[in-house]
Amino acid sequence: RETVCIFGTGDFGRALGHKLIQSGYPVVYGSRTTQISNLIPKDAEVLGHAEAAQKAAIIIIAIQRQHYNFLTPLAEVLRGKVLVDISNNLKLNQYPESNAEYLSQLLPGSKVVKAFNTVSAWALQSGTLDASRQVFVCGDDVEAKQMVMNIVRALGLTPLDKGSLLAAQEIENYPLQLFPMWKFPIILSFGLAAFFFFYCLVLDVIYTYIYEKNNFSFFIAITIPNRVFPVMALILLALVYLPGIFAAIIQLYRGTKYRRFPDWLDKWMLCRKQLGLIALAFASLHAVFTLVAPLRAFVSWRTSKTIISQALNNKTEPLNHTNAWLSDSYLALGILGYFLFVLLGITSLPSVSNNVNWREFRFVQSKLGYLALIFCTAHTLVYGGKWFLSPSAYKWYLPNIYILSLIVPCAVLVVKFVLIFPCVDKPLTQIRQGWE
Amino acid sequence: RETVCIFGTGDFGRALGHKLIQSGYPVVYGSRTTQISNLIPKDAEVLGHAEAAQKAAIIIIAIQRQHYNFLTPLAEVLRGKVLVDISNNLKLNQYPESNAEYLSQLLPGSKVVKAFNTVSAWALQSGTLDASRQVFVCGDDVEAKQMVMNIVRALGLTPLDKGSLLAAQEIENYPLQLFPMWKFPIILSFGLAAFFFFYCLVLDVIYTYIYEKNNFSFFIAITIPNRVFPVMALILLALVYLPGIFAAIIQLYRGTKYRRFPDWLDKWMLCRKQLGLIALAFASLHAVFTLVAPLRAFVSWRTSKTIISQALNNKTEPLNHTNAWLSDSYLALGILGYFLFVLLGITSLPSVSNNVNWREFRFVQSKLGYLALIFCTAHTLVYGGKWFLSPSAYKWYLPNIYILSLIVPCAVLVVKFVLIFPCVDKPLTQIRQGWE
Amino acid sequence: RETVCIFGTGDFGRALGHKLIQSGYPVVYGSRTTQISNLIPKDAEVLGHAEAAQKAAIIIIAIQRQHYNFLTPLAEVLRGKVLVDISNNLKLNQYPESNAEYLSQLLPGSKVVKAFNTVSAWALQSGTLDASRQVFVCGDDVEAKQMVMNIVRALGLTPLDKGSLLAAQEIENYPLQLFPMWKFPIILSFGLAAFFFFYCLVLDVIYTYIYEKNNFSFFIAITIPNRVFPVMALILLALVYLPGIFAAIIQLYRGTKYRRFPDWLDKWMLCRKQLGLIALAFASLHAVFTLVAPLRAFVSWRTSKTIISQALNNKTEPLNHTNAWLSDSYLALGILGYFLFVLLGITSLPSVSNNVNWREFRFVQSKLGYLALIFCTAHTLVYGGKWFLSPSAYKWYLPNIYILSLIVPCAVLVVKFVLIFPCVDKPLTQIRQGWE
Ligand SMILES: Cc1cc2nc3c(=O)[nH]c(=O)nc-3n(C[C@H](O)[C@H](O)[C@H](O)COP(=O)(O)OP(=O)(O)OC[C@H]3O[C@@H](n4cnc5c(N)ncnc54)[C@H](O)[C@@H]3O)c2cc1C
Ligand SMILES: Cc1cc2nc3c(=O)[nH]c(=O)nc-3n(C[C@H](O)[C@H](O)[C@H](O)COP(=O)(O)OP(=O)(O)OC[C@H]3O[C@@H](n4cnc5c(N)ncnc54)[C@H](O)[C@@H]3O)c2cc1C
Ligand SMILES: Cc1cc2nc3c(=O)[nH]c(=O)nc-3n(C[C@H](O)[C@H](O)[C@H](O)COP(=O)(O)OP(=O)(O)OC[C@H]3O[C@@H](n4cnc5c(N)ncnc54)[C@H](O)[C@@H]3O)c2cc1C
Ligand SMILES: NC(=O)c1ccc[n+]([C@@H]2O[C@H](COP(=O)([O-])OP(=O)(O)OC[C@H]3O[C@@H](n4cnc5c(N)ncnc54)[C@H](OP(=O)(O)O)[C@@H]3O)[C@@H](O)[C@H]2O)c1
Ligand SMILES: NC(=O)c1ccc[n+]([C@@H]2O[C@H](COP(=O)([O-])OP(=O)(O)OC[C@H]3O[C@@H](n4cnc5c(N)ncnc54)[C@H](OP(=O)(O)O)[C@@H]3O)[C@@H](O)[C@H]2O)c1
Ligand SMILES: NC(=O)c1ccc[n+]([C@@H]2O[C@H](COP(=O)([O-])OP(=O)(O)OC[C@H]3O[C@@H](n4cnc5c(N)ncnc54)[C@H](OP(=O)(O)O)[C@@H]3O)[C@@H](O)[C@H]2O)c1
Ligand SMILES: CCCCCCCCCCCCCCCC(=O)OC[C@H](COP(=O)(O)O)OC(=O)CCCCCCCCCCCCCCC
Ligand SMILES: CCCCCCCCCCCCCCCC(=O)OC[C@H](COP(=O)(O)O)OC(=O)CCCCCCCCCCCCCCC
Ligand SMILES: CCCCCCCCCCCCCCCC(=O)OC[C@H](COP(=O)(O)O)OC(=O)CCCCCCCCCCCCCCC
Ligand code: HEM
Ligand code: HEM
Ligand code: HEM
């Protein structure tokens, strides 16, 4: 294999050198000090920059951007060579041009390729490449890029060609991002959850405190979260399916699919996966918070109070069949809804979704997803139905939150029901198949 | 990069064009109307078909098969060019020959490559390539195929070479399939579950109604499902390990592994993964249905009735140690069995199974799988053991379903136990290692 | 495509032949007997070894190493050909040199490439390539290796170049390994768990039996495991974050990152993932064991005893608000801790960690991980806090195990708290960024 030269014997330079030698590449370092420390891989040579550069066709620049100007005197030696820029910045869009483009401007005679910046030195050396097996590569020279991609592959990493050096900015921004697609869904759900939390606090704790003189402040720990979480889950789940409804209506109204959706709708459609997963997280919390109920001191106290008062009154109530039916069926509906929900979550794991075809994916995500929405809505309806008209659900004239939570899902289900009528579905299908 | 030509400015043509331009390919469209709409990617040229074709070596035909005949007049221009057929059909095996072969017959002078048909236009454009990162490629000309595969890779997708154009039929059928491997296991489990449901309905609801005049119809929601689900889980789990037993017996009997298994056994062995995952789904439902028990109106009513009657009788029963032992141990066994079950599920996630070697995979799937079967069977035995001989388990002379459910797992475990005796295991191992 | 020759019509030879033919390669077998059995793929030719070898440039040796010496007479025919060694051994490092090197010594004129040994014949033939989609390839001749890797890719498998033939030993050992990274964490946790089990047995069963004459032996099934599991989960979780603390202290002390950590620390850091996942398993078991509590005969007996005695005494205790607060908040803390725990588990699935960048991965693993540790520690503190000073927590002067379990996590959290003070954090960051 051809010799690879690395400029810089820092963390990244050494880690990469180690890996390259393991994969059978001879490595030569270009460094300011040619003393060989015991951290530098054994089989590697350490030379001055110019000498080292002459020994190889590919030079990896494992040095911070700030020091790039020391390379200008070497321009002659580096002419025609492939320079691999692996540098990262500390902030998004820190410099007007990307580091790789800057390097290319400094040394117009060399072929600059951006690569390896997503790989962590520590991960590379220790072999725990958990979050960085994918290496984005870009560059203007196709052959240079190919050479670098071969090295990437030989190291057991997966190269991903991102096109010309223009893509370097994006590639340099990538490792600085923190869940960009999750930002809006998370803000939305935190906002909504905070609102519902205070809403419940007012109705369940403050109202009770004022009118019934009962201090139920400990409801903050479990009771209120377990009202907010399921409500959030239900609303977010409905919000996942709402944009599809809007899209259908817009397409029907316009009579064509060949027009862009409004921007907000496009963005919304792109964060449905994230919304759905957050909904799943809320639903999981709801499930576990519900299941611990019998362990709560408050619940056992309430249960024993009821039983004791019955015992003291010397009467055993007969089984209320309606109640038994209602309680069993809302529990069963909730469990089935949650089951489908988890199924949706499992199929959105990248490795699973990569192993199903588009039709299967849409079957689970769209058909079973709607089924999950139906079950969850029915669960809430059956649970709360009997109190819909009872005044206790309207303290201070404010409806209970599960009543609020039902608005969006019911609306989605009703409109969807209209949309699958043949007389609406047929033109829609035609529009989506491209007939105009 | 080389120019790519796309025929057809429809959904797919535009989506692909966008992506290609992003990846640095110049794109030229061949269209019936050369008007540039604002949906077409900005940097792309739109020309007539013939003109466009002349500008590129690769032409992607983003047009439905029905319109392919408009290409025949262009045969001369397309001679020697690579034509990429991306079309799909609406039904499995809709036409006698595949679209790609049809195209190749229409234009014998061109090199037809099948590709991209598994990718959805919408996913391509929006970047949410959830279910379609894998692109199957086939074609008779190796170089043409290589060119197309390079494009596929440049778009960030993974090409998978499927051989000659004969594979096109299969590739065109792929996106139309809906979980073919799951069909039989799902039908089997639905059938069995329905049978057990009615069996329980008869014994738990109808029998009680007739003889005890109690209307327990609400058992349909939770009680009966929670008897059917675990029974299904246990039987399906046993059915996963049964074919391995049959295989061993057949191999022992024949004294050689160099003969094909009967067809039914082969098929059965291939759907063990699916059977196992369905069993896991049933077991998960059983676990959650069990855990909600204390929340059921019926259960709290029954509990308080028992307590009140004790209180009214002024006696507190002492702790029944046998009962405590039995109840604790069947619960513990069930949980441990379920834990191993989930472990089996996790290792069957494609990304996990790809990161373990064959020995590790078989250790989990075969050794821990049998352990799970042992735990689950023991769980059922300990739970039901004390009623085995009680007449209440044989209403209308029909055994309770957990008795039925134990037949297959116990049989599997007993035969497996025989098979691991050295005197049986040694010849079997020899046979499997190829000694005859 | 070029003809491929396979020596040996055994299990592996046939399975590979089938696949190769499916992918469009002509296949010719070299065998001792040229009789065509019906197991051999239909389109393949079967010839003598010498004849077969002449027909192809690549020869796959699907024969056990013990029989390799029959190849020496064929040395002339095989000169310059690519020989693919696919053999496995039965034990780690069974022979002094690897099979591939042995083959290369036998036939110095041929180019030996090691490949395919991780693939199981049965998996290859049946298509269920669950644990073996990755094919490690090594060899001294780059072109030969490239040819083999193309075949691997054409079969739908992923080749991984491991360098020169020296890597063959490692590749041959790979399929014989059984979770090498998990060994130490599993031994550690089994040891610890056994210790805590006996510790609890002594305090909860034997002590009670001796002093209170109560036989609570059935605690072995659920009560004691449900004390050991959470304690193990907490300690292991703390042990995941302890090495990072040590690393920071060492780096601060030395004032540089450019020195290797002591060996034990390096090893510990590399098995944090496994420790974490085992902790997750324990925590999951704790969660489920906790949730089944209301179903236990012992618990219902205890509950009804309390209620009945209250009823008989004719008094209903008022709600103890402190208790309600404590019980609700330790439950809520436990659930939130567990939720974050599962999130860490999900992001360590290979397919998920591959889809996040390094910053995101560390955000979840380090930030949310510490949050999980905080929640879990708080959960234990709130649960056990009120008994810290009660003598009942010190039977036989031995502290209760949850007190023991709090030592490591509290130490980790306190030191970490010191480390994030700006006056400590700043120099540490500088050191880690390479300033000396
Ligand atoms: C737990 C959970 C996990 C999820 N994971 C994922 C995930 O991994 N990936 C993901 O994408 N979503 C995910 N989602 C979101 C959701 O399931 C999907 O977005 C779902 O497919 C939406 O279904 P729908 O019926 O509303 O879409 P549809 O109504 O089918 O589609 C609406 C829009 O899709 C586009 N479209 C679809 N087909 C066509 C066509 N033929 N022509 C033109 N346009 C078309 C159009 O823009 C159309 O208007 C998840 C949701 C949940 C709850
Ligand atoms: C939750 C769950 C998930 C599952 N996921 C998967 C999955 O992802 N993938 C999967 O494949 N299965 C999966 N299964 C099914 C099951 O675990 C496996 O099929 C399991 O390996 C069967 O073990 P066994 O001991 O019966 O097989 P064995 O008895 O070892 O094998 C039986 C047969 O395997 C073949 N075989 C194995 N070794 C040899 C050999 N040396 N020579 C010849 N033939 C051999 C033979 O045909 C043999 O007769 C899953 C099951 C469950 C419950
Ligand atoms: C359920 C679960 C699952 C887990 N899964 C995984 C997993 O999949 N993969 C995994 O790796 N871990 C996993 N872990 C372990 C754990 O989460 C991680 O190791 C975690 O990142 C440790 O965080 P920390 O803050 O202690 O590390 P840090 O304190 O950030 O790092 C400590 C050490 O990391 C190295 N390091 C980090 N950044 C630098 C730098 N800039 N310069 C020099 N050295 C640096 C140094 O050696 C440093 O001393 C898992 C844990 C749990 C509980
Ligand atoms: N560390 C990572 O995880 C990681 C990951 C991806 C990308 N990167 C990128 O890799 C680059 C290096 O990172 P690092 O972590 O290896 O940094 P580092 O440990 O600080 O090493 C930098 C090296 O650059 C050389 N250098 C420093 N100043 C110089 C100067 N004025 N003139 C010439 N050479 C100089 C030094 O090598 P000599 O003493 O041998 O001259 C030094 O060891 C950065 O651009 C970083 O963004 C790092
Ligand atoms: N959409 C997907 O998700 C998807 C996924 C995989 C494969 N495919 C396949 O891609 C092909 C096109 O699908 P599409 O969704 O893009 O369809 P589309 O939106 O209906 O576009 C078809 C295009 O074909 C051209 N065309 C139509 N009639 C023609 C005729 N008589 N003569 C010449 N050109 C004609 C038109 O382009 P001009 O007006 O520019 O001539 C039209 O825009 C189909 O074969 C489909 O199976 C689609
Ligand atoms: N089976 C697997 O799952 C698997 C997986 C990975 C690697 N491997 C490796 O593949 C190799 C073959 O395994 P296998 O399972 O196919 O074994 P097998 O079924 O026993 O077949 C071995 C074949 O080698 C030939 N052979 C046996 N003795 C010979 C001799 N003295 N001289 C010449 N040829 C002889 C025979 O073919 P002819 O009768 O045609 O001459 C025989 O069919 C082994 O090295 C194994 O480690 C196997
Ligand atoms: C109420 C609780 C709900 C729990 C639900 C568990 C359901 C498990 C059923 C798995 C369904 C998989 C659909 C796969 C689609 C497909 O075809 O997928 C196809 C792929 C690829 O298959 P091939 O590689 O064979 O082609 O198969 C898979 O990926 C298998 C996925 C296995 C998933 C197991 C996940 C286990 C996680 C455990 C969660 C436990 C939760 C416990 C809660 C208490
Ligand atoms: C009773 C409930 C049971 C819940 C069980 C949870 C167990 C978690 C233990 C993980 C064991 C992983 C075995 C990996 C084999 C291996 O070596 O696998 C090796 C691979 C690859 O490792 P490398 O990349 O390091 O080589 O590692 C992994 O893939 C890690 C898999 C992590 C899986 C975490 C899954 C979390 C899902 C959470 C489910 C929660 C259910 C909650 C129910 C209440
Ligand atoms: C207390 C119980 C806790 C249960 C927690 C369930 C939480 C689910 C939330 C998912 C969070 C995903 C973080 C993804 C990080 C990321 O950006 O990941 C990014 C990746 C890649 O995304 P792109 O492909 O879109 O780039 O996305 C994913 O991988 C999605 C992962 C989905 C995981 C779903 C897992 C379902 C398993 C169900 C377990 C149920 C347990 C039930 C217990 C009772
Ligand atoms: C394991 C599955 C589930 C179980 C066992 C379950 C159980 C329950 C219970 C017992 C209640 C009553 C809570 C109370 O008394 O305060 C409830 C309420 C509710 N559930 Fe579920 N549920 C499950 C899943 C779901 C899912 C998946 C959703 C929606 C996505 C959901 C939405 C709701 C809503 C909105 C309420 C009303 C909340 C309120 O106002 O109190 N549930 N559920
Ligand atoms: C979390 C794990 C589990 C728990 C807590 C659990 C608990 C229980 C309980 C309480 C019962 C009695 C139900 C009743 O009274 O009607 C039961 C029955 C049963 N369980 Fe489980 N179980 C678990 C896992 C499993 C698994 C994994 C299997 C099998 C694959 C299984 C198979 C059965 C069977 C067959 C019965 C008898 C059903 C009947 O006829 O009523 N269980 N389980
Ligand atoms: C679903 C989440 C969880 C729930 C519902 C839960 C619930 C409980 C309960 C009820 C107890 C008291 C047990 C008893 O009375 O014997 C307990 C104890 C404990 N929990 Fe959790 N817990 C959860 C998660 C966790 C997690 C994730 C950890 C730590 C990693 C943890 C660590 C502990 C410890 C150390 C104890 C004390 C054990 C003892 O000495 O008895 N818990 N938990």
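A polar contact is a pair of N or O atoms within 3.5 Å; within protein, one must be able to donate a hydrogen and the other to accept it. In this predicted model, 10 residue pairs are in polar contact across the interface of chain C and chain A, both residues of each pair being at pLDDT 80 or more. On the side of chain C that touches chain A, helix H13 (321-347) gives the most, with 12 residues. The residues of that side divide into 25 nonpolar, 15 polar and 13 charged.

The extent of this interface may be described next. The size of an interface is often given as the accessible area lost when the parts come together. Between chain C and chain A the buried area is about 4900 Å², and carbon and sulfur atoms give 68% of this area. C:Asp328, C:Ile335 and C:Trp358 supply 13% of the area that chain C buries against chain A, more than any other three residues. The contact takes 53 residues from chain C and 58 residues from chain A.

C:Asp328 also has a charged partner: it forms a salt bridge with A:Arg296, in which the closest N and O atoms are 2.8 Å apart. The count of salt bridges between the two chains is 1.

Attention now turns to helix H15 of chain C, residues 358-384. At 1.5 Å a residue, the 27 residues of H15(C) should span 39 Å, and the end C-alpha atoms are 38 Å apart, which agrees. H15(C) bends by about 30° at C:Gly369.

Notes
Residues numbered from 1 in each chain as written. Chains lettered and ligands numbered in written order. Predicted model: local features only at pLDDT ≥ 70, side-chain atom pairs only at ≥ 80, totals over all residues. Heavy atoms only, no water. Helix = DSSP H or I, 4+ residues; strand = E, 2+ residues; numbered from the N terminus. Expected span 1.5 Å × (residues − 1). Bend = angle between axes of the 7 residues up to and from the residue. Contact = heavy atoms within 4.5 Å. Buried area = accessible area lost by both parts, 1.4 Å probe. Salt bridge = Lys/Arg side-chain N within 4 Å of Asp/Glu carboxyl O. Polar contact = N/O pair within 3.5 Å; in protein donor to acceptor, adjacent residues only side chain to side chain. Nonpolar A, V, L, I, M, F, W, Y, C, P; charged D, E, K, R; others polar.
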